[in-house]
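Please consult the sequence and the structure shown below alongside the text.

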Amino acid sequence: MALDNFGTLWLTAPILAVSVFALLYVRRRRTALPLPPGPPGWPIIGNLYDFPQTDLARNLYELHKRYGDLVHLSVFGKSTISIGSYEVACDLLEKRSANYSDRPKLVIGELTDIYHWNFPLMSYGPDWRARRRILHHELLPDSITQYQHYQLFVTHNLLHNLLASPKAFGKHVEQAFSTIALLVAYGLEPQGEEDKYVGMLRKLNAIGADLCVPGKYVVEWLPVLQYLPSWLPGAGFKREIASKKSRMRQITTELWQAGKAHLEKGAENDSLLARVVRNAASLDKHAAAEEEAMGAGIATTIYTAGAGTTESATLVFFLAMALYPEAQQKAQEELDRVVGSSRLPDFSDRDSLPYVNALIKEILRWHVGIPISLPHASIQDDIYNGYFIPGGSIVISNLWAFSKDPEVYPDPLRFYPDRFLKDGKLNEAVRDPYDIIFGFGRRACVGKHLASASLFITCASILHAFTIAPPTDENGKTLPLEPKFTTNLITADPEKFECDIRPRKAALVDHLLD
Ligand code: HEM
(Lines give C-alpha, C1' and ligand atoms only; values in the text may rest on other atoms or scores of the structure.)
Protein backbone atom coordinates (compact mmCIF):
# COMPACT_ATOMS: atom_id res chain seq x y z
CA MET A 1 0.00 0.00 0.00
CA ALA A 2 1.32 3.42 -0.92
CA LEU A 3 0.78 4.96 2.51
CA ASP A 4 2.98 2.28 3.92
CA ASN A 5 5.74 2.57 1.41
CA PHE A 6 6.19 6.27 1.73
CA GLY A 7 5.78 6.11 5.46
CA THR A 8 8.53 3.55 5.76
CA LEU A 9 10.96 5.85 4.06
CA TRP A 10 9.90 8.84 6.11
CA LEU A 11 10.85 7.01 9.22
CA THR A 12 13.88 5.09 8.13
CA ALA A 13 15.63 7.75 6.10
CA PRO A 14 16.41 9.84 9.14
CA ILE A 15 17.36 6.72 11.06
CA LEU A 16 19.80 5.67 8.40
CA ALA A 17 21.10 9.14 7.64
CA VAL A 18 24.82 8.69 7.87
CA SER A 19 26.05 11.44 5.59
CA VAL A 20 28.31 14.26 6.49
CA PHE A 21 25.48 16.52 5.41
CA ALA A 22 23.24 15.19 8.10
CA LEU A 23 25.76 16.54 10.55
CA LEU A 24 25.30 20.00 9.08
CA TYR A 25 21.71 19.81 10.17
CA VAL A 26 22.48 18.89 13.75
CA ARG A 27 20.12 21.04 15.73
CA ARG A 28 21.32 23.01 18.66
CA ARG A 29 18.87 23.53 21.42
CA ARG A 30 17.67 27.08 21.17
CA THR A 31 16.33 27.27 24.66
CA ALA A 32 17.28 26.41 28.18
CA LEU A 33 14.23 24.18 28.51
CA PRO A 34 14.82 20.43 28.35
CA LEU A 35 13.81 18.24 25.45
CA PRO A 36 11.15 15.65 26.32
CA PRO A 37 12.70 12.67 28.12
CA GLY A 38 14.06 9.67 26.25
CA PRO A 39 16.96 7.21 26.20
CA PRO A 40 20.32 9.04 26.56
CA GLY A 41 21.84 8.19 23.15
CA TRP A 42 25.39 8.34 21.78
CA PRO A 43 27.44 11.20 20.39
CA ILE A 44 26.55 11.93 16.73
CA ILE A 45 24.40 8.85 16.11
CA GLY A 46 22.13 9.74 19.01
CA ASN A 47 19.41 7.12 19.55
CA LEU A 48 20.08 5.19 16.35
CA TYR A 49 20.18 1.93 18.31
CA ASP A 50 17.21 2.81 20.55
CA PHE A 51 14.94 3.43 17.60
CA PRO A 52 12.73 0.35 17.22
CA GLN A 53 13.34 -1.33 13.87
CA THR A 54 10.17 -3.45 13.87
CA ASP A 55 6.73 -3.27 15.45
CA LEU A 56 7.23 0.40 16.17
CA ALA A 57 3.97 0.91 18.04
CA ARG A 58 4.56 -1.76 20.69
CA ASN A 59 8.24 -0.96 21.06
CA LEU A 60 7.65 2.77 21.37
CA TYR A 61 4.94 1.99 23.91
CA GLU A 62 7.65 0.35 26.07
CA LEU A 63 9.64 3.60 25.93
CA HIS A 64 6.51 5.53 26.96
CA LYS A 65 6.06 3.27 29.98
CA ARG A 66 9.59 4.28 31.04
CA TYR A 67 9.69 7.97 30.04
CA GLY A 68 6.08 9.21 29.99
CA ASP A 69 3.61 10.47 27.38
CA LEU A 70 6.15 12.39 25.32
CA VAL A 71 9.41 10.72 24.29
CA HIS A 72 12.28 12.33 22.42
CA LEU A 73 14.61 10.36 20.17
CA SER A 74 17.36 11.92 18.16
CA VAL A 75 19.16 10.36 15.21
CA PHE A 76 22.05 12.33 13.71
CA GLY A 77 20.62 15.43 15.27
CA LYS A 78 17.13 15.01 13.81
CA SER A 79 14.48 14.95 16.52
CA THR A 80 11.60 12.49 16.59
CA ILE A 81 8.85 13.10 19.12
CA SER A 82 6.71 10.10 19.98
CA ILE A 83 3.28 10.84 21.47
CA GLY A 84 2.08 8.14 23.85
CA SER A 85 -1.33 9.39 24.97
CA TYR A 86 -4.57 10.44 23.28
CA GLU A 87 -4.74 13.62 25.38
CA VAL A 88 -1.27 14.80 24.28
CA ALA A 89 -2.13 13.95 20.64
CA CYS A 90 -5.22 16.18 20.94
CA ASP A 91 -3.19 18.96 22.60
CA LEU A 92 -0.47 19.02 19.97
CA LEU A 93 -1.99 17.71 16.74
CA GLU A 94 -5.50 19.13 17.16
CA LYS A 95 -5.21 22.25 19.31
CA ARG A 96 -1.86 23.32 17.85
CA SER A 97 -2.48 21.87 14.42
CA ALA A 98 -1.16 24.99 12.63
CA ASN A 99 2.28 23.95 13.87
CA TYR A 100 2.02 20.16 13.63
CA SER A 101 0.48 19.55 10.20
CA ASP A 102 3.60 19.33 8.07
CA ARG A 103 5.05 16.04 6.78
CA PRO A 104 8.71 14.99 6.92
CA LYS A 105 10.47 15.82 3.66
CA LEU A 106 12.02 13.22 1.37
CA VAL A 107 14.56 13.84 -1.36
CA ILE A 108 12.79 11.17 -3.43
CA GLY A 109 9.56 13.14 -3.05
CA GLU A 110 11.15 16.13 -4.79
CA LEU A 111 13.04 14.16 -7.42
CA THR A 112 10.01 12.16 -8.50
CA ASP A 113 7.66 15.11 -8.47
CA ILE A 114 5.34 13.15 -6.14
CA TYR A 115 5.13 16.20 -3.91
CA HIS A 116 3.42 18.10 -6.67
CA TRP A 117 0.43 15.82 -7.10
CA ASN A 118 0.19 13.37 -4.18
CA PHE A 119 -1.20 15.54 -1.40
CA PRO A 120 -0.95 13.09 1.55
CA LEU A 121 2.82 13.51 1.21
CA MET A 122 2.88 17.25 0.52
CA SER A 123 4.25 19.80 2.91
CA TYR A 124 1.65 21.83 4.76
CA GLY A 125 0.88 24.90 2.65
CA PRO A 126 -1.33 26.30 -0.11
CA ASP A 127 -0.80 23.40 -2.58
CA TRP A 128 -1.80 20.82 0.02
CA ARG A 129 -4.70 22.99 1.21
CA ALA A 130 -6.16 23.42 -2.30
CA ARG A 131 -6.17 19.66 -2.92
CA ARG A 132 -7.34 18.71 0.54
CA ARG A 133 -10.26 21.15 0.24
CA ILE A 134 -11.53 19.45 -2.92
CA LEU A 135 -11.38 15.92 -1.49
CA HIS A 136 -12.66 17.02 1.91
CA HIS A 137 -15.73 18.51 0.26
CA GLU A 138 -16.29 15.33 -1.79
CA LEU A 139 -16.07 13.10 1.27
CA LEU A 140 -18.12 14.98 3.86
CA PRO A 141 -20.82 12.85 5.55
CA ASP A 142 -23.55 14.52 3.46
CA SER A 143 -21.61 14.28 0.21
CA ILE A 144 -20.79 10.58 0.46
CA THR A 145 -24.43 9.55 0.36
CA GLN A 146 -24.04 10.07 -3.41
CA TYR A 147 -21.73 7.02 -3.43
CA GLN A 148 -24.11 4.69 -1.63
CA HIS A 149 -25.35 3.15 -4.86
CA TYR A 150 -21.72 2.33 -5.79
CA GLN A 151 -21.16 0.79 -2.36
CA LEU A 152 -24.33 -1.32 -2.56
CA PHE A 153 -23.49 -2.49 -6.07
CA VAL A 154 -19.97 -3.49 -5.01
CA THR A 155 -21.15 -5.17 -1.79
CA HIS A 156 -23.74 -7.28 -3.58
CA ASN A 157 -21.11 -8.32 -6.09
CA LEU A 158 -18.83 -9.25 -3.23
CA LEU A 159 -21.54 -11.46 -1.68
CA HIS A 160 -22.11 -13.08 -5.02
CA ASN A 161 -18.40 -13.81 -5.37
CA LEU A 162 -18.22 -15.16 -1.81
CA LEU A 163 -21.04 -17.55 -2.62
CA ALA A 164 -19.31 -18.72 -5.80
CA SER A 165 -15.77 -19.12 -4.41
CA PRO A 166 -15.58 -18.52 -0.65
CA LYS A 167 -11.97 -19.64 -0.34
CA ALA A 168 -10.88 -16.73 -2.53
CA PHE A 169 -12.37 -14.21 -0.09
CA GLY A 170 -9.13 -12.18 0.07
CA LYS A 171 -9.14 -11.63 -3.69
CA HIS A 172 -12.84 -10.73 -3.68
CA VAL A 173 -12.34 -8.16 -0.92
CA GLU A 174 -9.41 -6.60 -2.80
CA GLN A 175 -11.53 -6.39 -5.94
CA ALA A 176 -14.42 -4.81 -4.03
CA PHE A 177 -12.39 -1.89 -2.68
CA SER A 178 -10.48 -1.33 -5.92
CA THR A 179 -13.86 -1.07 -7.63
CA ILE A 180 -15.20 1.48 -5.13
CA ALA A 181 -12.04 3.58 -5.58
CA LEU A 182 -12.25 3.44 -9.38
CA LEU A 183 -15.94 4.37 -9.38
CA VAL A 184 -15.64 7.16 -6.81
CA ALA A 185 -12.50 8.64 -8.39
CA TYR A 186 -13.19 8.23 -12.13
CA GLY A 187 -16.71 6.84 -12.57
CA LEU A 188 -15.11 3.86 -14.31
CA GLU A 189 -16.42 0.39 -13.61
CA PRO A 190 -13.71 -2.30 -13.67
CA GLN A 191 -14.14 -4.86 -16.43
CA GLY A 192 -13.40 -8.26 -14.92
CA GLU A 193 -10.67 -9.34 -12.52
CA GLU A 194 -7.81 -8.13 -14.72
CA ASP A 195 -9.18 -4.65 -15.26
CA LYS A 196 -6.76 -2.41 -17.11
CA TYR A 197 -7.37 0.66 -14.95
CA VAL A 198 -7.12 -1.16 -11.63
CA GLY A 199 -3.89 -2.64 -13.01
CA MET A 200 -2.59 0.88 -13.70
CA LEU A 201 -3.40 2.02 -10.16
CA ARG A 202 -1.65 -1.07 -8.78
CA LYS A 203 1.34 -0.25 -10.94
CA LEU A 204 1.38 3.29 -9.55
CA ASN A 205 1.46 1.83 -6.05
CA ALA A 206 4.18 -0.61 -6.99
CA ILE A 207 6.40 2.14 -8.41
CA GLY A 208 5.91 4.13 -5.21
CA ALA A 209 6.82 1.04 -3.21
CA ASP A 210 9.94 0.44 -5.21
CA LEU A 211 11.07 4.05 -5.00
CA CYS A 212 10.70 4.06 -1.28
CA VAL A 213 12.43 0.80 -0.38
CA PRO A 214 14.61 1.97 2.49
CA GLY A 215 18.23 1.99 1.46
CA LYS A 216 17.49 1.66 -2.25
CA TYR A 217 18.59 5.17 -3.20
CA VAL A 218 21.69 6.53 -1.49
CA VAL A 219 20.58 10.03 -2.43
CA GLU A 220 18.06 9.89 0.41
CA TRP A 221 20.97 9.80 2.86
CA LEU A 222 23.37 11.89 0.80
CA PRO A 223 21.09 14.60 -0.62
CA VAL A 224 24.01 16.33 -2.37
CA LEU A 225 24.00 13.50 -4.95
CA GLN A 226 20.79 14.90 -6.42
CA TYR A 227 22.86 17.66 -8.04
CA LEU A 228 24.99 15.22 -10.09
CA PRO A 229 24.34 15.53 -13.83
CA SER A 230 22.35 12.50 -15.05
CA TRP A 231 24.91 11.62 -17.71
CA LEU A 232 27.72 11.07 -15.18
CA PRO A 233 28.79 7.45 -14.60
CA GLY A 234 27.40 6.52 -11.17
CA ALA A 235 24.38 8.79 -11.62
CA GLY A 236 22.29 5.95 -13.10
CA PHE A 237 19.91 6.32 -10.16
CA LYS A 238 18.90 9.74 -11.52
CA ARG A 239 17.95 8.24 -14.88
CA GLU A 240 16.05 5.43 -13.14
CA ILE A 241 14.16 7.86 -10.91
CA ALA A 242 13.40 10.07 -13.93
CA SER A 243 11.90 7.13 -15.80
CA LYS A 244 9.72 6.19 -12.81
CA LYS A 245 8.64 9.80 -12.46
CA SER A 246 7.49 9.92 -16.06
CA ARG A 247 5.71 6.54 -15.76
CA MET A 248 3.79 7.79 -12.70
CA ARG A 249 2.85 10.98 -14.52
CA GLN A 250 1.76 8.96 -17.55
CA ILE A 251 -0.47 6.66 -15.47
CA THR A 252 -2.03 9.59 -13.61
CA THR A 253 -2.80 11.41 -16.87
CA GLU A 254 -4.00 8.30 -18.76
CA LEU A 255 -6.46 7.41 -16.01
CA TRP A 256 -7.82 10.94 -15.98
CA GLN A 257 -8.17 10.96 -19.75
CA ALA A 258 -9.95 7.58 -19.66
CA GLY A 259 -12.43 8.91 -17.10
CA LYS A 260 -13.00 12.03 -19.17
CA ALA A 261 -13.51 10.05 -22.37
CA HIS A 262 -16.08 7.91 -20.54
CA LEU A 263 -17.86 11.04 -19.37
CA GLU A 264 -17.79 12.61 -22.83
CA LYS A 265 -19.45 9.49 -24.23
CA GLY A 266 -22.44 10.53 -22.15
CA ALA A 267 -21.87 8.39 -19.05
CA GLU A 268 -23.74 10.03 -16.17
CA ASN A 269 -21.81 9.52 -12.98
CA ASP A 270 -21.14 10.98 -9.54
CA SER A 271 -17.37 10.60 -9.56
CA LEU A 272 -14.84 13.13 -8.31
CA LEU A 273 -13.69 13.44 -11.94
CA ALA A 274 -17.17 14.34 -13.17
CA ARG A 275 -17.46 17.10 -10.59
CA VAL A 276 -13.99 18.54 -11.23
CA VAL A 277 -14.56 18.52 -15.00
CA ARG A 278 -17.95 20.22 -14.62
CA ASN A 279 -16.44 22.84 -12.35
CA ALA A 280 -13.47 23.41 -14.69
CA ALA A 281 -15.87 24.11 -17.57
CA SER A 282 -16.79 27.44 -15.95
CA LEU A 283 -13.14 28.55 -15.60
CA ASP A 284 -10.76 30.15 -18.09
CA LYS A 285 -8.44 27.83 -20.02
CA HIS A 286 -5.43 28.17 -17.73
CA ALA A 287 -7.40 27.82 -14.49
CA ALA A 288 -9.33 24.85 -15.94
CA ALA A 289 -6.08 23.05 -16.84
CA GLU A 290 -4.76 23.65 -13.31
CA GLU A 291 -8.00 22.41 -11.74
CA GLU A 292 -7.92 19.23 -13.82
CA ALA A 293 -4.21 18.61 -13.10
CA MET A 294 -5.04 18.83 -9.39
CA GLY A 295 -8.03 16.53 -9.87
CA ALA A 296 -5.86 13.93 -11.63
CA GLY A 297 -3.49 13.76 -8.65
CA ILE A 298 -6.27 13.72 -6.05
CA ALA A 299 -8.10 10.93 -7.89
CA THR A 300 -5.12 8.56 -7.57
CA THR A 301 -5.05 9.06 -3.79
CA ILE A 302 -8.60 7.70 -3.47
CA TYR A 303 -7.10 4.38 -4.51
CA THR A 304 -3.60 4.65 -3.02
CA ALA A 305 -4.80 5.82 0.41
CA GLY A 306 -8.31 4.40 0.46
CA ALA A 307 -8.44 0.96 -1.14
CA GLY A 308 -5.77 -1.04 0.75
CA THR A 309 -6.67 0.46 4.13
CA THR A 310 -10.37 -0.45 3.91
CA GLU A 311 -9.52 -3.84 2.42
CA SER A 312 -7.20 -4.55 5.36
CA ALA A 313 -9.90 -3.60 7.93
CA THR A 314 -12.35 -5.94 6.18
CA LEU A 315 -9.87 -8.81 6.36
CA VAL A 316 -9.51 -8.12 10.09
CA PHE A 317 -13.31 -8.43 10.25
CA PHE A 318 -13.19 -11.92 8.66
CA LEU A 319 -10.43 -12.94 11.06
CA ALA A 320 -12.24 -11.65 14.16
CA MET A 321 -15.53 -13.28 13.13
CA ALA A 322 -13.82 -16.65 12.70
CA LEU A 323 -12.17 -16.26 16.11
CA TYR A 324 -15.14 -14.87 18.10
CA PRO A 325 -18.32 -16.78 17.19
CA GLU A 326 -20.34 -15.35 20.13
CA ALA A 327 -19.90 -11.81 18.83
CA GLN A 328 -20.78 -12.94 15.32
CA GLN A 329 -23.91 -14.68 16.55
CA LYS A 330 -25.11 -11.62 18.50
CA ALA A 331 -24.68 -9.45 15.41
CA GLN A 332 -26.58 -11.96 13.28
CA GLU A 333 -29.43 -12.13 15.79
CA GLU A 334 -29.71 -8.34 15.63
CA LEU A 335 -29.66 -8.40 11.82
CA ASP A 336 -32.37 -11.08 11.75
CA ARG A 337 -34.54 -8.95 14.06
CA VAL A 338 -34.03 -5.67 12.21
CA VAL A 339 -33.51 -6.64 8.58
CA GLY A 340 -35.39 -9.96 8.42
CA SER A 341 -34.75 -12.92 6.16
CA SER A 342 -35.85 -11.75 2.77
CA ARG A 343 -33.62 -8.78 2.01
CA LEU A 344 -30.10 -7.52 2.53
CA PRO A 345 -29.12 -4.65 4.87
CA ASP A 346 -29.24 -1.10 3.57
CA PHE A 347 -27.71 2.16 4.80
CA SER A 348 -31.08 3.10 6.30
CA ASP A 349 -30.71 0.18 8.76
CA ARG A 350 -27.52 1.58 10.25
CA ASP A 351 -29.01 3.44 13.22
CA SER A 352 -31.15 0.43 14.15
CA LEU A 353 -28.13 -1.89 14.42
CA PRO A 354 -26.22 -0.82 17.56
CA TYR A 355 -24.51 -4.18 18.07
CA VAL A 356 -23.27 -4.33 14.47
CA ASN A 357 -21.95 -0.76 14.84
CA ALA A 358 -20.27 -1.67 18.14
CA LEU A 359 -18.73 -4.74 16.52
CA ILE A 360 -17.19 -2.65 13.72
CA LYS A 361 -15.82 -0.15 16.27
CA GLU A 362 -14.26 -3.09 18.14
CA ILE A 363 -12.71 -4.45 14.91
CA LEU A 364 -11.00 -1.09 14.35
CA ARG A 365 -9.90 -0.78 18.00
CA TRP A 366 -8.79 -4.40 18.43
CA HIS A 367 -6.45 -4.20 15.46
CA VAL A 368 -5.24 -0.77 14.29
CA GLY A 369 -4.28 -0.89 10.60
CA ILE A 370 -1.89 2.10 10.73
CA PRO A 371 -0.55 1.72 14.29
CA ILE A 372 1.62 4.85 14.44
CA SER A 373 -0.41 6.85 11.89
CA LEU A 374 1.47 8.75 9.21
CA PRO A 375 4.26 10.89 10.60
CA HIS A 376 3.62 14.59 10.98
CA ALA A 377 6.35 17.22 11.23
CA SER A 378 6.43 20.35 13.34
CA ILE A 379 7.05 23.67 11.63
CA GLN A 380 8.35 25.92 14.40
CA ASP A 381 9.95 25.44 17.80
CA ASP A 382 7.35 24.85 20.48
CA ILE A 383 7.08 24.44 24.23
CA TYR A 384 4.74 21.89 25.76
CA ASN A 385 4.41 21.08 29.46
CA GLY A 386 7.83 22.62 30.11
CA TYR A 387 9.56 20.69 27.30
CA PHE A 388 11.18 22.13 24.21
CA ILE A 389 10.03 20.63 20.88
CA PRO A 390 12.34 21.70 18.05
CA GLY A 391 10.77 22.90 14.78
CA GLY A 392 11.25 20.33 12.00
CA SER A 393 10.81 17.37 14.40
CA ILE A 394 9.16 14.21 13.09
CA VAL A 395 6.05 13.65 15.22
CA ILE A 396 4.60 10.17 15.66
CA SER A 397 1.31 9.39 17.39
CA ASN A 398 0.90 5.89 18.75
CA LEU A 399 -2.67 5.05 17.66
CA TRP A 400 -2.14 1.45 18.72
CA ALA A 401 -1.37 2.52 22.31
CA PHE A 402 -4.34 4.94 22.44
CA SER A 403 -6.67 2.15 21.39
CA LYS A 404 -5.30 -0.17 24.07
CA ASP A 405 -5.47 2.29 26.97
CA PRO A 406 -6.82 0.17 29.88
CA GLU A 407 -8.31 3.26 31.55
CA VAL A 408 -10.56 3.78 28.52
CA TYR A 409 -10.93 0.19 27.32
CA PRO A 410 -10.70 -2.20 30.30
CA ASP A 411 -9.10 -5.56 29.41
CA PRO A 412 -7.91 -3.93 26.16
CA LEU A 413 -6.68 -7.03 24.34
CA ARG A 414 -10.06 -8.74 24.65
CA PHE A 415 -12.37 -8.61 21.61
CA TYR A 416 -15.53 -7.33 23.25
CA PRO A 417 -17.99 -5.21 21.19
CA ASP A 418 -20.28 -4.81 24.24
CA ARG A 419 -17.80 -2.30 25.68
CA PHE A 420 -19.39 0.27 23.35
CA LEU A 421 -22.97 -0.43 24.46
CA LYS A 422 -25.17 0.61 27.37
CA ASP A 423 -28.83 -0.36 27.76
CA GLY A 424 -28.86 -1.73 24.22
CA LYS A 425 -27.62 1.55 22.70
CA LEU A 426 -24.22 2.87 21.66
CA ASN A 427 -22.61 4.40 24.74
CA GLU A 428 -21.44 7.90 23.80
CA ALA A 429 -19.31 8.03 26.97
CA VAL A 430 -16.85 5.45 25.64
CA ARG A 431 -14.16 6.94 23.40
CA ASP A 432 -14.96 6.16 19.79
CA PRO A 433 -12.11 4.34 17.97
CA TYR A 434 -13.11 6.37 14.88
CA ASP A 435 -11.61 9.35 16.79
CA ILE A 436 -8.31 7.52 17.07
CA ILE A 437 -7.52 5.29 14.15
CA PHE A 438 -7.89 7.93 11.42
CA GLY A 439 -5.29 10.23 12.95
CA PHE A 440 -5.48 13.76 14.34
CA GLY A 441 -5.69 17.39 13.34
CA ARG A 442 -5.63 18.90 9.87
CA ARG A 443 -3.88 15.88 8.36
CA ALA A 444 -6.43 13.38 9.77
CA CYS A 445 -7.82 10.92 7.25
CA VAL A 446 -10.06 12.69 4.77
CA GLY A 447 -11.70 9.38 3.76
CA LYS A 448 -12.89 8.50 7.28
CA HIS A 449 -16.63 8.79 6.56
CA LEU A 450 -16.40 6.92 3.28
CA ALA A 451 -14.38 4.14 4.94
CA SER A 452 -16.87 3.97 7.81
CA ALA A 453 -19.86 3.70 5.43
CA SER A 454 -18.09 1.05 3.33
CA LEU A 455 -17.22 -0.98 6.40
CA PHE A 456 -20.78 -0.80 7.70
CA ILE A 457 -22.47 -2.00 4.53
CA THR A 458 -19.81 -4.64 3.83
CA CYS A 459 -19.68 -6.16 7.31
CA ALA A 460 -23.46 -6.01 7.91
CA SER A 461 -24.21 -7.63 4.53
CA ILE A 462 -21.62 -10.39 4.95
CA LEU A 463 -22.84 -11.18 8.47
CA HIS A 464 -26.42 -11.28 7.29
CA ALA A 465 -25.72 -13.63 4.40
CA PHE A 466 -22.87 -15.82 5.68
CA THR A 467 -21.38 -17.48 8.72
CA ILE A 468 -17.63 -17.24 9.08
CA ALA A 469 -15.76 -19.97 10.97
CA PRO A 470 -12.16 -21.15 11.40
CA PRO A 471 -10.88 -23.36 8.56
CA THR A 472 -11.46 -27.13 8.63
CA ASP A 473 -9.48 -30.04 7.18
CA GLU A 474 -10.85 -32.58 4.68
CA ASN A 475 -12.51 -34.50 7.56
CA GLY A 476 -14.31 -31.42 8.80
CA LYS A 477 -11.99 -31.05 11.82
CA THR A 478 -11.47 -27.44 12.89
CA LEU A 479 -7.94 -26.20 12.29
CA PRO A 480 -6.25 -23.72 14.63
CA LEU A 481 -6.44 -20.06 13.58
CA GLU A 482 -4.10 -17.53 15.11
CA PRO A 483 -4.38 -13.77 14.54
CA LYS A 484 -1.09 -12.76 12.92
CA PHE A 485 -0.25 -9.41 11.39
CA THR A 486 2.55 -8.07 9.27
CA THR A 487 4.76 -5.68 11.20
CA ASN A 488 5.87 -3.11 8.65
CA LEU A 489 6.88 0.23 9.98
CA ILE A 490 3.60 1.90 9.02
CA THR A 491 0.85 -0.60 8.17
CA ALA A 492 -0.11 -3.79 9.97
CA ASP A 493 -2.22 -6.04 7.74
CA PRO A 494 -3.47 -9.53 8.60
CA GLU A 495 -1.13 -12.24 7.33
CA LYS A 496 -2.76 -14.54 4.79
CA PHE A 497 -5.23 -16.85 6.58
CA GLU A 498 -8.02 -19.26 5.71
CA CYS A 499 -11.56 -19.38 6.98
CA ASP A 500 -14.75 -21.23 6.28
CA ILE A 501 -17.52 -19.07 4.77
CA ARG A 502 -21.00 -20.60 4.40
CA PRO A 503 -24.36 -19.08 3.43
CA ARG A 504 -26.85 -18.68 6.30
CA LYS A 505 -30.27 -18.44 4.70
CA ALA A 506 -31.76 -20.12 1.62
CA ALA A 507 -33.95 -17.08 0.81
CA LEU A 508 -30.92 -14.78 0.82
CA VAL A 509 -28.94 -17.17 -1.35
CA ASP A 510 -31.75 -17.08 -3.94
CA HIS A 511 -31.73 -13.29 -3.69
CA LEU A 512 -27.97 -13.27 -4.34
CA LEU A 513 -28.25 -15.63 -7.27
CA ASP A 514 -30.93 -13.49 -8.96
C1 HEM B 1 -10.17 1.83 7.33
C2 HEM B 1 -9.73 2.66 6.40
C3 HEM B 1 -8.75 3.78 6.62
C4 HEM B 1 -7.86 4.01 7.64
C5 HEM B 1 -7.63 3.15 8.89
C6 HEM B 1 -7.17 5.25 7.35
C7 HEM B 1 -6.22 5.82 8.17
C8 HEM B 1 -5.53 6.97 7.87
C9 HEM B 1 -4.53 7.57 8.72
C10 HEM B 1 -4.10 7.05 10.09
C11 HEM B 1 -4.07 8.68 8.08
C12 HEM B 1 -2.99 9.63 8.59
C13 HEM B 1 -3.62 10.72 9.42
C14 HEM B 1 -2.62 11.68 10.00
O15 HEM B 1 -1.60 11.99 9.37
O16 HEM B 1 -2.85 12.15 11.15
C17 HEM B 1 -4.77 8.79 6.83
C18 HEM B 1 -4.56 9.80 5.91
C19 HEM B 1 -5.23 9.88 4.70
N20 HEM B 1 -6.26 9.07 4.28
FE21 HEM B 1 -7.03 7.47 5.24
N22 HEM B 1 -7.64 5.74 6.16
C23 HEM B 1 -8.61 4.89 5.68
C24 HEM B 1 -9.36 5.07 4.53
C25 HEM B 1 -9.24 6.09 3.64
C26 HEM B 1 -10.08 6.31 2.47
C27 HEM B 1 -11.29 5.44 2.07
C28 HEM B 1 -9.57 7.40 1.81
C29 HEM B 1 -10.03 8.09 0.54
C30 HEM B 1 -11.10 7.84 -0.12
C31 HEM B 1 -8.43 7.89 2.58
C32 HEM B 1 -7.67 8.98 2.24
C33 HEM B 1 -6.65 9.50 3.03
C34 HEM B 1 -5.85 10.65 2.63
C35 HEM B 1 -5.97 11.41 1.31
C36 HEM B 1 -4.96 10.90 3.69
C37 HEM B 1 -3.92 11.99 3.78
C38 HEM B 1 -4.50 13.26 4.40
C39 HEM B 1 -3.54 14.42 4.38
O40 HEM B 1 -2.32 14.24 4.42
O41 HEM B 1 -4.02 15.57 4.37
N42 HEM B 1 -8.28 7.07 3.68
N43 HEM B 1 -5.66 7.76 6.72
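A residue is called buried if its relative accessible area is under 20%. By that criterion, phenylalanine 169 and phenylalanine 318 are both buried. The model is predicted, and the points below are grouped by topic.

- The iron atom of the ligand has a single protein donor, the SG atom of Cys445, at 2.3 Å.
- Cysteine 445 is located in the loop that runs between β8 (425–426) and α17 (448–465).

**Aromatic pairs**
- In total, 15 aromatic pairs are present in the structure.
- One of them joins tyrosine 124 to tryptophan 128 in a tilted arrangement, with 5.2 Å centre to centre and 45° between the planes.
- Both tyrosine 124 and tryptophan 128 are buried.
- Phenylalanine 169 and phenylalanine 318 also form a tilted pair, with 5.0 Å centre to centre and 40° between the planes.
- This pair connects distant parts of the chain: phenylalanine 169 belongs to helix α8 (residues 169–186) and phenylalanine 318 to helix α13 (residues 307–323), the two being 149 residues apart.
- Phe169 and Phe318 are also members of a cluster, linked by ring pairs, that includes Phe317 and Phe497.

**Charges over rings**
- Arginine 365 places its charged end over the ring of tyrosine 409, at 5.2 Å from the ring's centre.
- Arginine 414 lies over the face of tyrosine 416, 3.9 Å from the ring centre.

Terms used
Residues are numbered from 1 along each chain as its sequence is written. This is a predicted model: local features need pLDDT of at least 70, side-chain atom pairs count only at pLDDT 80 or more; totals for chains, interfaces and linings use all residues. Side-chain values use heavy atoms; hydrogens and water are left out. Donors are N, O and S atoms within 2.8 Å of the metal (3.2 Å for Na, K and Ca); water is not among the atoms, so sites may look incomplete. Helices (H or I, at least four residues) and strands (E, at least two) are DSSP runs, numbered from the N terminus. Rings of Phe, Tyr and Trp (its six-membered ring) pair if their centres lie within 6.5 Å; planes under 30 degrees apart count as stacked, over 60 as edge-to-face and the rest as tilted. Buried means under 20% relative accessible area, exposed over 50%, partly exposed in between (1.4 Å probe, protein chains only). A charge sits over a ring if NZ of Lys or CZ of Arg is within 6 Å of the ring centre and within 35 degrees of the ring normal.
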